[in-house]
Amino acid sequence: MEIREEPVRFDSSGTELHGVYYELAPRESFEMVAVICDPFAEEKKCAQRILAQMARRMANLGVAVLHFDYRGTGDSGGDFGDFGPTDWLQDIEAAVAYARERRSGANIGLLGLRMGASLAAELAEAMGDCRWLVLWEPVVDGPRYVRENLRRSLIKAMLTRGPDSSAPAHTPDTTQGWLDLDGYRVSARTRAKLEAIDLSAPPEFSGPVLVVNVGARALVRHELLFLAEGYPGGSAEVVVMEPFWSRVGLVDGERLVALTAQWLSQIL
Amino acid sequence: MSDDSTLKNQLKEMIVERLFLNITAAEMADDADLMQTYGIDSVNLFEIIVGLEEEFEITVEDEDFSVEAFATVNSITELVKRKRGQR
C-alpha cells in the first residue's frame, strides 16, 4: 500500500490553515487520526523533516495524520506577529475538528514537539476524548523557554558583531512591547503566553502518554520524568540524538521515529 | 593533575558530548579556536552555555557574552573560574 499525501485547507477562526493529510491508500479500516502540533518559530523550520518522517511512519501503522501550519506560519494565512499560543491552541482544536470531518467517528491522538507538545498536553485535558498523547521534549517551564530564546538572540548578535567590538551584546529590542525572540518579532502578549506555559501541575489526562527526552545523555531529565510520572498512563523514554529542532543541518531522526512508532503500535 | 587541568578536561567532555563532536575530549586542544577548528556556531554556543549552567553550576549573565570569552577551552575555563570567584 502507498501513503497518500494530500494538501488540505481548513478554517480556524476565519483564517485558512494549510496542512498535509497522510493516509494509507487504499484506506485502512482502522479509525485513528493523529494531529501533529508544531513547535514555535525557528524550531518548526528545523523540525519539519523529522515530523514529516513521523507522519509517514504513523500512516504506515494505519493511523491517518494531519500535519498543519498554525496561523501566521508556513503556508497558512496571517502574519506571524498577529498570533500566539492561544490562537495556535485554537488552531489545533480546528485541526482536530477537521480530522473528525475526514474520518467520522475517528479516535484522535496528539503528537507535539516542544511548545507544540505543551499545547497538545493542554488540549488533551480539555478535549476529554483524546486517546493518546506523544510529547517530544515538551516545554515544561515557560519563563525558562523565553529566556533561552532571548539568549539565542544575544549569541547571534555577539557572533555577528565579531571579536573586535568591545561593547557587550545588547539585549534584544523590547521597544513598543515587541521582542526579538530568536529572529522572530513577538508581541508582549505572545511573550506572556509563552511564559505562562507550566507543566509542573499534576496532569488530568488519563490516556497513554509517551514523554520523550531527546539529548546528549541516556538519562531522562528530571523535569520530564516528573511530568511522565504525573500521568496515570505516562511513560518516559530517552533518545540520544542531537536536538534536531535547533539544527539547520540534517539530523537522523530514525531512532526517535522508530521508538515512537513502536510505542504507538503497542497501544493501538 | 592540577585543578585547572581537571576543569579543562571536564569542559572538553561537556563540549564534545553536548555538541556530538566526532572527536574525543583528549583530542581537543586547550587553545584551539572553537569556531574555526570545530565549526562551532551560535546554536552550539547556546548548548555550551546551557552546559556551563547545568553542569558547572554557574550563571552566565548577559554581560558575559563575548566572542573572546567563548573562543577557546582556555578562555571558557577562565570564565568559569571567574564566575566561581576563583583566580
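1. Between chain B and chain A, four residue pairs are in polar contact, both residues at pLDDT 80 or more. A polar contact is a pair of N or O atoms within 3.5 Å; within protein, one must be able to donate a hydrogen and the other to accept it, and residues adjacent in sequence count only if both atoms are side-chain atoms. The model is predicted: local features need pLDDT of at least 70, side-chain atom pairs count only at pLDDT 80 or more, and totals for chains, interfaces and linings use all residues. Residues are numbered from 1 along each chain as its sequence is written, chains are lettered from A in the order in which they are written, and side-chain values use heavy atoms, with hydrogens and water left out.

2. On the chain B side, α1 (3–18) and α3 (42–55) each supply at least two residues that touch chain A. Helices here are DSSP runs (H or I, at least four residues), and strands are runs of E (at least two), numbered from the N terminus. The largest share, nine residues, comes from α3(B).

3. The contact (heavy atoms within 4.5 Å) takes 22 residues from chain B and 22 residues from chain A. About 2,000 Å² is buried between the two chains, 64% of it from carbon and sulfur atoms; buried area is the accessible area (1.4 Å probe) lost on putting two parts together, summed over both. Phe20(B), Phe46(B) and Phe65(B) supply 34% of the area that chain B buries against chain A, more than any other three residues.

4. Three salt bridges are counted between chain B and chain A, a salt bridge being a side-chain nitrogen of Lys or Arg within 4 Å of a carboxyl oxygen of Asp or Glu. In one of them, Glu17(B) pairs with Arg217(A), the closest N and O atoms being 2.9 Å apart.

5. Over all chains the count is 31 salt bridges. Among them is Glu195(A) with Arg191(A), whose closest N and O atoms are 3.2 Å apart. These two residues are separated by about one helical turn because Glu195(A) and Arg191(A) lie four residues apart in helix α5 (residues 188–195) of chain A.

6. As for the lining of the largest pocket, α3(B) gives the most, with five residues. Also supplying at least two residues each are α4 (142–161), β9 (208–215) and α6 (222–230) of chain A.
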